[in-house]
Amino acid sequence: MTGFARESGQLPDGTAFAWELRSVNGRGLDLRLRLPNGQDALEPALREATGKRLKRGNVSATLTLARTERPRLSVDPAALEQALQLALDLAGRIRGSVAPRAEALLALPGVLRTEQAEPDEAEAAARRAALAGAFDAALAGLAAARRAEGEKLHAILSGLLDEIAALHAAATTEAAGQPEAQRARLLEQLDSLLGEGGHARLPPERLAQEVALLAQKSDVREELDRLAAHIEAARALLAHGEGAGRKLDFLTQEFVREANTLCSKSASVPLTRIGLDLKAAIERLKEQAANVE
């Protein structure tokens with residue numbers, strides 16, 4: 001299921017942060033984290049929180065940090081002394097050269113460095129807790145967005161199940177007349193081969209046996225019964241709601257199997273046409289089921 005959420009704020013040390021969460025359809029749950037350097041300790045808690053709220057989807061979570069205060073710079077005395085000595089030695093060897101300038105020395109790599117405070121474990125833990133709390137809030141927003149999409153999907157899936165149920169009813173009605181239609185077709189073929197009234201010269205029991213054999217081969221009552229059970233099971237999954245996606249995925253495969261068998265056993269053009277319409281509706285149901293958590 002798709003969704004987007006954003007949560008931003010400021011840490012006690014003045015660092016601004018923002019979480020951005022996006023999700024798209026996926027068969028399982030796949031969380032991809034993009035964290036700034038030094039924030040890897042957050043990952044286990046974030047994965048655990050995500051697993052508690054979401055069951056399916058490819059989710060990407062990005063954390064950005066931006067310090068509002070400028071970093072403090074300091075001089076590395078050893079590096080400055082070495083650079084100054086080298087510059088003075090070089091100036092002494094070149095006639096007419098001027099003494100090295102301070103800004104030129106400070107621009108040399110390694111002379112200036114950014115001061116970094118010694119890490120404080122309590123402060124680091126407070127930062128992690130604040131970031132994890134903001135992630136949980138963003139996760140709640142993402143779940144809410146996915147629920148809103150789920151409500152729309154529920155209406156679409158219910159409509160598709162109604163369409164499949166109507167086609168199932170039409171197939172049941174059409175299938176009930178197949179044995180009589182096959183008997184009439186067989187008699188017509190016999191009369192064509194043996195002449196008018198040719199079927200009357202055949203033993204009645206033999207004729208009945210052939211009709212029964214044809215009816216058995218084209219009997220789709222079992223497929224229609226199973227399809228009716230699958231429709232009811234799908235409705236129950238939609239009514240239950242939570243964690244229905246995987247089960248609905250599996251159930252749509254069973255829908256496809258019954259529709260295929262129905263078409264292969266069909267002995268009439270109208271029933272075949274209904275079977276093809278069923279397959280088309282089931283395919284749409286399968287595509288939409290892939291979006292359900």
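His 168 touches Leu 224, Leu 227, Ala 228 and Ile 231, leaving aside residues up to four places away in sequence; contact here means heavy atoms within 4.5 Å. The histidine sits in helix H4, helices being DSSP runs of H or I with at least four residues and strands runs of E with at least two, numbered from the N terminus. With a relative accessible area of 14%, His 168 is buried (buried is under 20%, exposed over 50%, partly exposed in between, with a 1.4 Å probe and protein chains only). This is a predicted model, so local features need pLDDT of at least 70 and side-chain atom pairs count only at pLDDT 80 or more, while totals for chains, interfaces and linings use all residues. Residues are numbered from 1 along each chain as its sequence is written, and side-chain values use heavy atoms, with hydrogens and water left out.

Helix H4 itself covers residues 121-176 and lies across S1, S2 and S4, running at about 35 degrees to S2. Angles like this one run from 0 to 180 degrees between N-to-C directions, the axes being lines fitted to C-alpha atoms, for helices over the stretch in contact. Helix H1 (residues 43-53) lies across S2 (15-24) and S3, and its angle to S3 is about 145 degrees.

As for the sheet, four strands make it up, in the order S1-S2-S4-S3; it is open, with mixed pairing. Two strands count as paired if DSSP finds at least two bridges between them. S1 (3-10) and S3 (29-34) take the edges with a single partner strand each, so one side of each has no neighbour in the sheet. On average, neighbouring strands here are turned by 10 degrees against each other, direction ignored. S3 pairs with S4 (residues 57-67) in the parallel sense, over six bridges, and Leu 31 stands opposite Val 59 in S4.

Now for the charged pairs. The whole structure holds 15 salt bridges, a salt bridge being a side-chain nitrogen of Lys or Arg within 4 Å of a carboxyl oxygen of Asp or Glu. One of them joins Asp 30 and Arg 32, at 3.3 Å from N to O. Asp 30 is partly exposed, at 29% relative accessible area, whereas Arg 32 is exposed at 53%. Glu 48 and Lys 52 form another, their closest N and O atoms being 3.5 Å apart. Both lie in helix H1, four residues apart, or about one turn of the helix. Glu 48 counts as partly exposed at 48% relative accessibility, and Lys 52 as exposed at 63%.

Arg 56 and Asp 249 also make a salt bridge, with 2.8 Å between the closest N and O atoms. This pair links distant parts of the chain, 193 residues apart: Arg 56 is in the loop between H1 and S4, and Asp 249 is in helix H8 (residues 244-265). Arg 56 is buried at 3% relative accessibility, and Asp 249 is buried too, at 10%. Elsewhere, salt bridges with shared partners tie Glu 222, Glu 223, Arg 226, Glu 258 and Lys 265 into one network.

Finally, the surface: Leu 73, Val 75, Leu 106 and Leu 112 make a nonpolar patch of about 310 Å². Patches take residues with over 30% relative accessible area and no salt bridge, joining like charges within 9 Å and nonpolar side chains (Val, Leu, Ile, Met, Phe, Trp, Tyr) within 5 Å. Leu 106, from helix H3 (residues 102-106), is partly exposed at 33% relative accessible area.

Terms used: Accessible areas come from the Shrake-Rupley method with a 1.4 Å probe; for residues, only the protein chains shown count as cover.
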